[in-house]
Amino acid sequence: MALRNIVKVGDPILNKKSRVVEKFDDKLGMLIDDMFETMYKENGVGLAAVQVGILKRVVVIDIGEGPMELVNPEITLKEGEQKEQEGCLSLPGQYGTTIRPAKVQIKAQDRNGKWQVFTGEGLKARAFCHETDHLDGILFTSHVIDGIVGE
C-alpha cells in the first residue's frame, strides 16, 4: 500500500466525470487499498478516486463502522432530508451546511466485481452522496446553503 496525494480544489480534474470501471484486477485492488490508507491518514470518512487523480468510479468510505469499497456506485433510493455541516479532503479546513437525503440506498460492486447493496442514514447517507457527487465532478460546495467557513 502507498499514500496518494490528494488533489485540492482548483485542480480541473475535480470537475470531470469519472469513467465506469470495467477491469477488475490487482491494479484496482491496489488503488482501493491505497485510497483507504490515504483516507485514514488524513482522518477522512470518504474518498473518491478522482481525489487522488484517477478518473475511475471508485469510492472508499469508513464512518467508523468498518471499511466499504464502492466501485461503480449508483444511488437507488433517497428519502427524507438532513441538514448538517460537511467538509472535504480536497478543500482542507473549509466547511458548510448542506441539505442531503436522510436515508440513501446505494448499489455498487466490490473490487472483484460482485454487486452489493448498502443502506445508510445520517453520516453514512451524506458520505454516499458526497462521494458519488465527486464521481460526477460535483463538489459539496454546490450544496452549501449558508456559505463556506474556514481557511
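**Notebook: pocket and sheets**

The model is predicted, so I note its limits: local features need pLDDT of at least 70, side-chain atom pairs count only at pLDDT 80 or more, and totals for chains, interfaces and linings use all residues. Residues are numbered from 1 along each chain as its sequence is written, and side-chain values use heavy atoms, without hydrogens and water.

**Entry 1: the pocket.** I wrote down the terms. On a 1 Å grid over the protein atoms alone, a pocket is an open set of points where a 1.4 Å probe fits, with protein on both sides within 12 Å along at least five of seven lines; lining residues have an atom within 4 Å of a point. Helices (H or I, at least four residues) and strands (E, at least two) are DSSP runs, numbered from the N terminus. The largest pocket holds about 410 Å³ of space. Its volume is the space filled by probe spheres set on the points, which are joined across faces, edges and corners.

I found 23 lining residues, with Gly44, Val45, Gly87, Cys88 and Leu89 nearest the centre. β4 (82-87), β5 (94-100) and α2 (123-135) each give two or more residues to this lining.

**Entry 2: the five-stranded sheet.** Which order do the five strands take? I read β1-β2-β3-β6-β7, an open sheet with antiparallel pairing. Two strands pair if DSSP finds at least two bridges between them. The edges are β1 (46-48) and β7 (115-121), each pairing on one side only.

I checked two pairs. β2 (residues 58-61) and β3 (residues 68-79) share four bridges; Val60 has Glu69 in β3 as its bridge partner. Helix α1 (residues 26-41) packs on this sheet and touches β1, β2 and β3, at about 40 degrees to β2. α2 also packs on the sheet, touching β1, β2, β3, β6 (103-109) and β7, at about 125 degrees to β7. Contact means heavy atoms within 4.5 Å. Angles run from 0 to 180 degrees between N-to-C directions, with axes fitted to C-alpha atoms, for helices over the stretch in contact.

β6 and β7 are joined by seven bridges, and Lys107 stands opposite Val117 in β7. They form a hairpin with five residues between them; in the turn, Gly113 has a positive phi of about 95 degrees.

**Entry 3: the three-stranded sheet.** I read the order β4-β5-β8, open and antiparallel. Six bridges join β4 to β5, and Gly87 faces Tyr95 in β5 as its opposite residue. α2 lies across β4 and β5, at about 55 degrees to β4.
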